[in-house]
Amino acid sequence: MTSLSGKTDIDWAAFAAALAPVETITEPVLIKKRSRDFFWYSPILNAELKRCFGDLVARPASADELAHVLSVAYAHNAPIVLRGGGTGNYGQSVPMDGGLIIDTTAMNKVLEIGEGWVRSEAGALMADINVALAASGQEMAMFPSTQDIATVGGFVAGGSAGIGSIANGALRDPGNIISLGVMTVEDRPQNRRFDGADALHIHHAWGLNGVITDVTLRTVPRHDWVGCIATFDSYEGTYATGLAIAQSTDIARKLLTTVDARICAYCPKLEGHIRPDKHLLVSMIPTEDRDAFRTLIETHGGHVDLMMTDSEREGAGLPHVYDFSYNHTTLQVLKADRTATYQQVGCPIPPDPQAIKALRPKLGDDVWMHHEFARVGGDIVTFDLPIIWFSSAERLAEINAIYEANGFPVYDAHTWNVEGGGLKPDYTHLAWKKRMDPKGLLNAAKSRFWADVAHLDADEIEALGRA
Ligand SMILES: Cc1cc2nc3c(=O)[nH]c(=O)nc-3n(C[C@H](O)[C@H](O)[C@H](O)COP(=O)(O)OP(=O)(O)OC[C@H]3O[C@@H](n4cnc5c(N)ncnc54)[C@H](O)[C@@H]3O)c2cc1C
């Protein structure tokens, strides 16, 4: 077998034979498919990443099989990229150096459910974990809007927050990640456990500092949720109402999203269910809070257009309301027009509807706002995932500059480095990379700083963070 990536000189046929009895995928077309994630949301990333391929896919079905795969990769000095559902947006699971892709989706068991927690293998789908929890009267504290294809290991390694975060915080908030089982990449891979705050050594490191084998996440008591869409005349009025619900003591909430009216034209499934040309407040609230919700919306000059339980929604042939939230909002537009893209923008804390109102005219007609409400570190925060009609990298930079100049920090979605646009190195993550992956085989290209510190020992790397 020659190298599909063109970047490795490993004998991949011999490598695949050494992996037996682990399932492997050798067909180039399938390897190429598993070399992609949702980086194509960004025209910039699409140009940079679309020709990066791995050389072989391994699909271990147990921790023992995974250990065997890692040991063979270690012996061959093979670059390794972990892959769950492949729904990341920044090329997190794209094999930049070629090499081995480890697909975790056969390690998919929900292992144990307790009061307030669930432990699953890393390749378990978030949606399957939610289904398994239902019988115990619980649900995930949060899940990404991609839950049908995203794995729990991919969420912890690559994600940050999701549906439920307005109630229960971000993944990194204390108590949300309870424990991680993580395997080293060595001749004889070892299992290590990261409990409580130590799990942050591995969380959001994009799989470059250890292979997550199992994840214990916080669960919360289950509610009967209704999906709601309310409509408003002004965007800042929509945002102000979202804030009022986020602060309410009468209305519980699992999702609060505001969507610019112009985006609604790209959501044909909502036609006939919402008033045209209005801004949307998309939310999930418990059935028992329906009346209080309706009263609050009307007091704020809005109108409740849609309020459905899951069975009513299914009967009406509608998708979940969270299909119009997080990066699914972007997806609705991209399905119709691939010239759209998006950005990730922070907002002043506490949220300020007047700041949103003042910013809107400065941005131009090629930026359509969409805000998510979440609770992070105990504070109510919002972030903007606007649709941007991409014309050039220069115009994108100009839009970023307008946001920044007005006090809205940009967390660039158009870079494939774990450190993001302009962010500092995370020396704790890199020190753990040295401990867990001494040869630096795991997704090393994704860190701009790894090559600078790879020659140091782990404690020396960690000390750089204290300097
Ligand atoms: C439409 C859309 C909506 C989205 N909504 C959300 C959202 O609401 N919230 C959110 O946080 N994100 C969201 N995302 C991003 C992404 O879907 C989530 O972060 C998701 O949880 C990633 O899971 P995955 O299994 O697809 O991971 P992958 O994309 O397969 O992997 C993500 C990263 O984790 C690493 N990884 C995977 N498995 C392991 C493992 N076992 N050990 C170590 N590293 C591993 C990979 O190498 C990669 O770096 C969205 C993306 C899209 C396209």
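What follows is a short chat about the ligand, some helix pairs and a few backbone details.

Modeller: First, this is a predicted model, where local features need pLDDT of at least 70, side-chain atom pairs count only at pLDDT 80 or more, and totals for chains, interfaces and linings use all residues. Residues are numbered from 1 along each chain as its sequence is written.

Biologist: Which element gives the largest share of the shell around the ligand?

Modeller: There are 38 residues around the ligand, the closest being Gly-84, Gly-154, Gly-158, Gly-159 and Gly-207; a residue is near a molecule if its C-beta atom, placed from the backbone, lies within 6 Å of it. Strand E3 (80-83), helix H6 (152-158), strand E10 (211-221) and helix H12 (326-336) each give two or more residues to that shell. Helices (H or I, at least four residues) and strands (E, at least two) are DSSP runs, numbered from the N terminus. The largest share, five residues, comes from H6.

Biologist: How many charged residues does the shell around the ligand have?

Modeller: For the classes, Ala, Val, Leu, Ile, Met, Phe, Trp, Tyr, Cys and Pro count as nonpolar, Asp, Glu, Lys and Arg as charged, and the others, Gly among them, as polar. The shell has 14 nonpolar and 22 polar residues, and the charged ones number two.

Biologist: Are H8 and H13 roughly parallel or roughly antiparallel?

Modeller: The axes of H8 (residues 235-247) and H13 (residues 353-363) come within 9 Å and cross at roughly 155°. Axes are lines fitted to C-alpha atoms, for helices over the stretch in contact, and angles run from 0 to 180 degrees between N-to-C directions. Angles under 35 degrees count as roughly parallel, over 145 as roughly antiparallel, 65 to 115 as roughly perpendicular and the rest as oblique. So H8 and H13 are roughly antiparallel.

Biologist: Which residues of H13 make the contact with H8?

Modeller: Two residues are in contact if their C-beta atoms, placed from the backbone, lie within 7 Å. By class, this contact has six nonpolar, no polar and three charged residues. H8 brings Tyr-235, Glu-236, Tyr-239, Ala-240 and Leu-243, while H13 brings Pro-353, Ile-356, Lys-357 and Arg-360.

Biologist: Which residues of H4 does H1 meet?

Modeller: The axes of H1 and H4 (residues 63-76) come within 9 Å and cross at roughly 150°, so H1 is roughly antiparallel to H4. Their contact has five nonpolar, one polar and no charged residues. Phe-15, Ala-18 and Leu-19 in H1 meet Val-69, Val-72 and His-76 in H4.

Biologist: Where does the cis peptide bond from Ala-20 lead, and in which loop is Pro-21?

Modeller: That bond runs from Ala-20 to Pro-21, with omega near 10°. Pro-21 sits in the loop between H1 (12-19) and strand E1 (23-25).

Biologist: Which loop holds His-204?

Modeller: His-204 has a positive phi of about 60° although it is not a glycine. Its place is in the loop between strand E9 (191-195) and E10.
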